[in-house]
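Hi,

Here is the structure I said I would pass on.

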Amino acid sequence: MNTATSAHSRGRLADFLYRNSGILTLALLLPPLLWIGIVYLGSLFALLLQSFYSLDEFSGLIVHEFTFSTYRRLFTPTNLTIILRTVVMAAAVTIVSAIVAFPIAYYAARYARGGWKALFYLAVMMPLWSSYLVKVYAWKLILAKEGIITWIADKLHLGWVLDGLLALPVIGGSSLSFSYIGTFLVFVYIWLPYMILPTQAALERVAKNFIEASADLGATPRQTFSTVIFPLALPGIIAGSIFTFSLTLGDYIIPQIVGNSRPFIGTTVYALQGTAGDIPLAAAFTVVPVIIMGIYLIVARRMGAFNAL
Amino acid sequence: MPAAVSFQRVSRHFGHVRAVDDVSLEIAEGEFFAMLGPSGSGKTTCLRLIAGFEQPSSGHIEIFGQTAEGLPPYRRNVNTVFQDYALFPHMTVGENVAYGLMIKGVGRAERDAKALDSLSMVKLKGFEQRRPSQLSGGQRQRVALARALVNQPKVLLLDEPLGALDLKLREQMQEELKALQKQLGITFVFVTHDQGEALSMANRVAIFNDGKIVQEGTPNDVYERPRSRFVADFVGSSNLLPPEFAMAHGGTKAWTSLRPEKIKVVAPGEPVHGNHHTVSGHIISIQYQGAVTRISTDVEGTRIAAVVPTLNDIFKEGDPVQLAWETHNLVAMDAA
C-alpha cells in the first residue's frame, strides 16, 4: 500500500514534468545559464568596465570615472608594437599549425582504422596529459645551445644551416631558445592538438560518397580536394584556428621561458596587473584579443567558412 | 555499333567474397537496363564497376567500345545518381548541378544556363539558390538527377534512386524517369531490389544472385518464364510446384512455376469453361488487398496461392474449392 502510494506520487512528478516540458528544460538549463551569465559573462563585463577607468599617475590609484584615456594609451608605439608582435606570432602559429595538422587529420579521418585510429588519438592527446610547464621547460632544453637540435645539426654537419637561421634579422637570436623561432616552435607544438582534433572531426564528416560523386562528375583528385574536401573541412580548420590563434594571443608563459623576452600581450597583462598595478590598462589590453577574434570570425563567416555547417 | 556497356567474364573479389562472379553482359545504346537482385547479390558492385569506383579483379569491361578497366571515374563519360544522392552540402542547388560543368571549365554564364535547363527538366526551376538541406527527399533526388544529366553522359547509372522515397512519390518518379529516358535517349542502367520498379521501367532486366546473373531478358520474359526457383520467387511471388505435383497436374516432372493470377478459383462442382486443368483443395486463408484478393489453398498437401479480382465474399476460410489453370501457364524450371 505504502509503496504503491510513493510510486504514485513519484509518477505524478514525472507526469507533471512530462506535460510541462518547458519547466523541465528550464530546470536543466538554469545552472549552466547562471554559470555563463554571472560567472563568465559577468566577469567579462567587469573586465570591460575596468578598461574604461584610468590610473592616476601620481597616486597609483584607479580613478573610477568613465574615460577613453586608457584605450588611448594602447596606441603608444610601444604598446602597438606589443600588439603587432603578438598578432603576427599568433597568425604564424595558426597558419603553420593548420598546415602541419591537415595531413595528420586527413590520414586519421580517411585511412586510419581500428588500432591505428586509437594510436592516433593517443599520440595527439598524450601531450595534453602532461603539465604545460614541464613541456615548455623540456623544449627550452631541446632548443638550447647545448641541446639536442644543435647537437644533431652538428653531427650532420648542418650546423651552418642552424647558424644561418639564427643569423636572420628579427627572428634569429643567440640560440633557438633565445629567439622568436624558438617561441614559435614551442607555440606550434603546444597548440597543435587543438588544431588537429577539430580538423579531423570535420574531415570525418566528409562522406566517401561526396568524393565519389565529385570524381563521377569529372573532377580529378586535386579538383575534388580543392572544391569538396577542403571546403567541407574548413569549418573544422577555422574552429582549430580559433583555438590556436586565441590561445597564442593570450599566452603569457611561453614567451617568458622560451624566446628573447620581448613582451607579448599576455606577458604585458601579467606585468600590468601584478607589479605595475595598472588594472585599467591590463583590462584594455585583454579587450584587444577579443576584438581581433571577433573580426576574424566575421571575416571567416563572410568568406563562407561556415556554409557547410 | 558497339554496346553501351559490355562485361566480358568480369569478376570482383573482396578477399574471399566474390561480389561479382564471372559476369558477362551487354547493354545496348538507349536501353533502360535494370539490375535486379537482393542486397549483396553483386548488382551495386556491377554498377560501381561501370562508374569506375571499383576495378575488376579479372575480366574485361568496355564502355562504347573503349576499354574501361584502369580508367578512373573522372575519365569516363558516365554519371551516377547515388542512392543517398550525395549532394554537396556546402553548395547551393544551382552550384551542385553546375559542378560537372565548372570542373570542365565551362564559363559561368553558360554553365548557369545549362544548370537552369537541367533543373527545369526535373521541374525544379527556381530552386537554384536553395541548399540541399532545405529540400525534401524527392527534390534532392531530382537535383541529383539534374546534376548527372547536365553533363550529357552517354550512360546514366542509377543506384536505387527511389529507395528512400515514399510509395506515391516513387510511382510518380518511376513514370518521370521512364519518360525522361525516352526523351533523352541516354542509356540508363538502374540498380534496384524492387522487382515492381524493375518490371515497370526497364526494357531489359538482369536478375542477380550471389554475384552472378541468373536470368536476363525483357520484363515480360523474366516474369512469365522464370528459369529458376529463385527468379520465380524473387520476381513477383510465384507458386513453386514440386516435380511430382506438377507432373500429376498437367506439367512435366520438374520444379514448376505457376503465377497466382493465372489460377481461377471456383466453388466445387461448378463448371470451368475452356481448356483448364482442375484440382480440388480447401481454403487456408483469404487476404483482402483492395482490387484483388489473395486466396491461399491447400491442394493435396501443397500450398497454392491464387490472386483473383475482388468480387464479393463468396468464399470463407476452410471452404472446399476448385482451382483451375491452363496447362501452358505451368513453367518448368531448372532445379536451382
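A salt bridge here means a side-chain nitrogen of Lys or Arg within 4 Å of a carboxyl oxygen of Asp or Glu. Before you read on, note that this is a predicted model, so local features need pLDDT of at least 70 and side-chain atom pairs count only at pLDDT 80 or more, while totals for chains, interfaces and linings use all residues. Residues are numbered from 1 along each chain as its sequence is written, chains are lettered from A and ligands numbered from 1 in the order in which they are written, and side-chain values use heavy atoms, with hydrogens and water left out.

Salt bridges first. Over all chains, the search turns up 20 of them. In one, E224(B) meets K262(B) at 3.6 Å, N to O. E224(B) sits in helix α7 (residues 219–224) and K262(B) in the loop between β12 (256–258) and β13 (264–266) of chain B, so this pair ties together parts 38 residues apart in sequence. (Helices are DSSP runs of H or I with at least four residues, strands are runs of E with at least two, and both are numbered from the N terminus.) E224(B) is partly exposed at 24% relative accessible area, and K262(B) is partly exposed at 25%. For those words, buried is under 20% relative accessible area, exposed is over 50%, and partly exposed is in between, with a 1.4 Å probe and protein chains only.

Another bridge joins E176(B) and K123(B), at 3.5 Å from N to O. That pair also links distant parts of the chain, 53 residues apart: E176(B) is in helix α5 (residues 167–184) of chain B, and K123(B) is in the loop between α3 (108–121) and α4 (137–149). E176(B) counts as buried because its relative accessibility is 18%, whereas K123(B), at 56%, counts as exposed.

E54(B) and R48(B) form a bridge too, with the closest N and O atoms 3.4 Å apart, and both residues are buried.

On to chain B as a whole. Its secondary structure comes to 9 helices and 18 strands, and its C-alpha trace spans about 80 × 45 × 35 Å along the principal axes. Of its 336 residues, 52% are buried.

Which residues have a positive phi without being glycine? F64(B) is one of them, at about 50 degrees; Y85(B) is another, with phi near 75 degrees. F64(B) lies in the loop between β4 (58–63) and β5 (66–67) of chain B, and Y85(B) in the loop between β6 (78–81) and α2 (93–104) of chain B. F64(B) is buried at 19% relative accessible area, and Y85(B) is buried at 6%.

Now chain A. The domain assignment, which is automatic or from a database, gives domain 1 (2–50) and domain 2 (77–302). Their C-alpha centres lie 39 Å apart.

L44(A) belongs to helix α2 (residues 21–50) of chain A and is partly exposed, with a relative accessible area of 38%.
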